[in-house]
Amino acid sequence: PSLSTPFLRHLSRSSKPEFAFFVYQRLRNEGIPIDRFAFPPLLKAASRVGWLAEGKEIHGFGFKSGFHSDPFVQTGLMVMYVGCGRLPEARLVFDKMSYRDIVAWRIMIDGYCQSELFDDALELFEEMKRANIEADKFVLSSILSACGRAGNLDCGKAIHDYIIQKELVIDARLRCALVTMYASCGCMDMAQQLYDQMIPKNVVLSTAMVSGYSRHGRVKDARLIFDQMVEKDLVSWSAMISGYAESDQPQEALRLFNELQILGIRPDKVTMLSVISACANLGVLDKAKWIHVYADKNGFGGSLRINNALIDMYAKCGSLERARNVFEKMTSRNVISWTSMINAFAIHGDANNALRCFQKMKEACVEPNGVTFVGVLYACSHAGLVEEGRKIFASMINEHNITPKHEHYGCMVDLFGRANLLREAVEIVETMPFAPNVVIWGSLMSACQIHGETELGEFTAKRVLELEPDHDGALVLLSNIYAKERKWKNVGDLRQLMKERGICKERGCSRIELNDEVHEFLVADRNHKQVYEIYEKLNEVVSRLKLDGYAPNTGCVLVDLEEEEKREVVLWHSEKLALCYGLINGAKDSCIRIVKNLRVCEDCHTFLKLVSKVYRREIVVRDRTRFHHYRDGVCSCRDYW
């Protein structure tokens, strides 16, 4: 090697790799010969700074200098092209190599994995085996990573078998790759077995286990691993916060985020997205405002992904106005931004603005995708805009060339079902190009329930149960149909079946936040510290509303009880208890915000409208599918929900 080569190598590995190019240019300008050993460090420098143009120039110079067939130069070219994200060019160099050592195979496989082209990586690994090249631990780790990220458990197991068959030493790197692969594919028993064999356990390995358990709904197991970790980095904290956020435990996610702050660990964008998601699920506006301020103060305000998440968070926390403010202040918007805003209008029952936003999106030359159309069709469905829904569904197919999926047909079934056009809803189900799933039968079933169509309701409930025998909603609907028809023996048989299978009807639960504390109430809840005051307030409210013509609607109580008992059951619904707590403890003119896990029943809907009128309070309720804004005795849903 020439005297300049060690210097170029040093620069390529330094914190300023671009300086290698300045030396290269000077050597060229002064006519100093450059040998083949100078090319790998120069190409490595180009790779590190992503300078594709300079890398191509060196490629051309190498070709003219006659070094294009040199294995060192070819390997360097592959590193450069992979580093600059140009996989086809890297593969072209790889394919032209007369001799490929393990390093060349490793670079190409790594390149595919980094670009998430996992099938290409796996295919190349098979080609490598056919070429009788023995894989080393670095290649095997990359391939196991590809299997895990692609969710290809069969291939991952085959690699594990290959390692055992070749009697390769499973060192810390390989064991970590195996654990991560099994955890990513949801094979947690095997992941745990390998994890238990590793001593000491490093932070990367433990984080993989936390992520694996969390991703597959085993949050308690994830927390057990998390609590046993001697040291935790931001990635492990983010994995655990994300686990809680995605497992419908938003309060735990936010509690863990508070711990992170106390420790002085600064979150990154991934952590913030999980925290915003948790806040959206919790539905508490004060928390949402605080998270937004925190994101802005910590430099996340300019992030497109963060702003998109904030739109969704504010919408789900009941503030359409704040969601709109975030959207309007964004300097750049993508399809997710527009779709999030359309969905925000949709869940708040503002179909006109949802359609207006959809029109503006098209005028801004942003092409809507399948998710956008779900939001627009949802808006039409919940506002009874049948004709608009028909036109939009047709335009999705004819103008935007989007093939409808189950969720689009589900929206159309819901659109017709809510409008009591059950024949047309059934026609959609019968003419779909694929078999209806549980969601579509469920939409039709719900429509039958709303409109009291018992015969079709019984038929659809049975179709749901064919696909999902333990579906609590279908079993409860059948029970309700039999109860309405006073077929108490059938009701008893169904309830016995549910008991034997351990199936419970989901209990109504409502939560309300006051003074930075979230209070939860179940039906007929007696566990709150202010229980006596709450029930006393409820009696007072009922007495006042009766003067305005309120009479408890016991039609939704479908159990064999005396009328007086039915009235009590209706009056003890969780949202009424949460409302009374808000009336007792909230500021006199403040808005009362409640999050309910189930659809608001007819009696509670009437009750909340009257309270907003008699007590002159604004009440916002988020139920399972949408928001209800009650003001002056009127609801934003216009009694169409």
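**Helices and cysteines in a predicted model**

Biologist: Which residues of helix H28 are buried?
Modeller: Helices (DSSP runs of H or I, at least four residues) and strands (runs of E, at least two) are numbered from the N terminus. Buried means under 20% relative accessible area, exposed over 50%, and partly exposed in between (1.4 Å probe, protein chains only). The buried residues in H28 are Gly457, Thr460, Ala461, Arg463, Val464 and Leu465.

Biologist: What kind of model is this?
Modeller: Residues are numbered from 1 along each chain as its sequence is written, and side-chain values use heavy atoms, leaving out hydrogens and water. Local features need pLDDT of at least 70, side-chain atom pairs count only at pLDDT 80 or more, and totals for chains, interfaces and linings use all residues, since this is a predicted model.

Biologist: Which helices do the buried residues of H28 pack against?
Modeller: Contact means heavy atoms within 4.5 Å. By that test, the partners of H28's buried residues are helix H27 (438-451) and helix H29 (472-484).

Biologist: How far apart are the end C-alpha atoms of helix H5?
Modeller: The expected span of a helix is 1.5 Å times one less than its number of residues. H5 (residues 71-83) has 13 residues, so it should span 18 Å. The model agrees, with its end C-alpha atoms apart by 18 Å.

Biologist: How many disulfides does the whole structure have?
Modeller: A disulfide is a pair of cysteine sulfur atoms within 2.5 Å. Cys84 does not qualify, because its sulfur is 19 Å from the closest cysteine sulfur, in Cys113. Cys279 is in no disulfide either, as the nearest cysteine sulfur, that of Cys317, is 4.6 Å away. For the whole structure, the search gives a count of 0.

Biologist: What is the relative accessible area of Cys279?
Modeller: Cys84 is buried, at 19%. Cys279 is buried too, and its relative accessible area is 0%.
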